[in-house]
Amino acid sequence: MAGQDPQGLVVELAPLSMALAGLTVSQTAGIMALPAATDQLPRYLVQGEMEPKTLLLIARTQSLVKHLQSALDASRYVIRWAPSSSQALGFDLHPSLLVLELPASGGTRSVARLKRRFDAPLLALAGKGQPGLAQADAYLVRPYRIGELVELIDTTLINHAPDIIRAENMSLDTEQRRLQVNGLVHQLRPLACSILALLMLRSGQVVPRDELFRRVWRTTDGEDSTRALDVHIAYLRRKLETDPRKPRLIVTERGVGYRLRPPD
């Protein structure tokens, strides 16, 4: 649904049927690292719903808005549209990502002004060899498929998320509960995200079961916690392992706990 306001068009996306607990879209990217582990995991790791991300889309026409409206998950994204960078600069908002369709004449000045105005990464859509790409945080060269743009939006947000844990080529956005590994992005359940965060922070080392109970469930070993841990480890293996019956990523150290062995 769309409505006009003094600053531009606010687009509320129509719901899609994509399940949050399942695989989302294919990605590739490098990731920022989180500082060394602390004794307590962030409290938001066990929260449920996530606030939607705001995309500020600067494009001459609304056609791209309509394409993204049908391709993005409404629970995760809201689009604000401006027909020009000059109009976008007058917006009073804090976007999660800027998406700028570069004009044929260039775009270097627009990129610089937008990045000074907004504390957000900028994804540029451009023709081959067009100026402005060097200053952008990510870019996509025309022609492209809408699926490619959706993937790059997702990846750019993960790259610039404030709460990222990295282990080899695995990257976990703990705020969004999204894991990027082997070019794929997986949406995780809250407790599974907490478990994986601990394993990634101690990658290659054994994390004892009693430590997982204490730090994830805030309790000591017990029958209920044991069963819950086994269920969540099995869940992670079903999502991430090629063969969950023969795990190579999350390895059981019998009588002790679990060890993460990142893929090559």
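Ile250 stands opposite Leu260 in β15. The model is predicted. In it, β14 and strand β15 (residues 257-260) run antiparallel and are joined by 4 bridges.

**Sheet**
- The sheet is open and has 3 strands in the order β13-β15-β14, with antiparallel pairing.
- Each of β13 (206-208) and β14 (250-253) has a single partner strand and stands at an edge, so one side of each is left without a neighbour in the sheet.
- From one strand to the next, the twist averages 30°.

**Helices on the sheet**
- Helix α5 (residues 190-201) lies across β13, β14 and β15, and the angle at which α5 runs to β15 is about 65°.
- Helix α6 (residues 209-217) also packs on the sheet, where α6 touches β13 and β15.
- The direction of α6 makes about 65° with that of β13.

**Helix pair α1 and α4**
- Two packed helices are described by the angle between their axes and by the distance between those axes.
- For helix α1 (residues 63-71) and helix α4 (residues 146-159), the axes come within 10 Å and cross at roughly 75°.
- Angles of 65 to 115 degrees count as roughly perpendicular, and α1 and α4 are therefore roughly perpendicular to each other.
- On the α1 side, the contact is made by Leu64, His67, Leu68 and Ala71; on the α4 side, by Ile146, Leu149, Val150 and Ile153.
- By class, this contact of α1 with α4 has 7 nonpolar residues, 1 polar residue and no charged residues.

**Largest pocket**
- The volume of the largest pocket is about 390 Å³.
- Its lining comprises 16 residues, and those that lie nearest the centre are Asn182, Glu241, Thr242, Leu249 and Pro263.
- β12 (184-187) and α7 (223-240) are the elements that give two or more residues to the lining of the largest pocket.
- The lining residues of the largest pocket divide into 6 nonpolar, 3 polar and 7 charged.

**Second largest pocket**
- The second largest pocket has about 290 Å³ of volume.
- There are 19 residues in the lining of the second largest pocket, of which Lys53, Ser96, Pro121, Leu157 and His160 lie nearest its centre.
- Sorted by class, the lining of the second largest pocket has 8 nonpolar, 4 polar and 7 charged residues.

Notes. Residues are numbered from 1 along each chain as its sequence is written. This is a predicted model: local features need pLDDT of at least 70, side-chain atom pairs count only at pLDDT 80 or more; totals for chains, interfaces and linings use all residues. Side-chain values use heavy atoms; hydrogens and water are left out. On a 1 Å grid over the protein atoms alone, a cavity is a set of points where a 1.4 Å probe fits but cannot get out, and a pocket is an open set with protein on both sides within 12 Å along at least five of seven lines; lining residues have an atom within 4 Å of a point. Grid points are joined across faces, edges and corners, and a volume is the space filled by probe spheres set on the points. Ala, Val, Leu, Ile, Met, Phe, Trp, Tyr, Cys and Pro count as nonpolar, Asp, Glu, Lys and Arg as charged, and the others, Gly among them, as polar. Axes are lines fitted to C-alpha atoms, for helices over the stretch in contact, and angles run from 0 to 180 degrees between N-to-C directions. Angles under 35 degrees count as roughly parallel, over 145 as roughly antiparallel, 65 to 115 as roughly perpendicular and the rest as oblique. Contact means heavy atoms within 4.5 Å. Two strands pair if DSSP finds at least two bridges between them.
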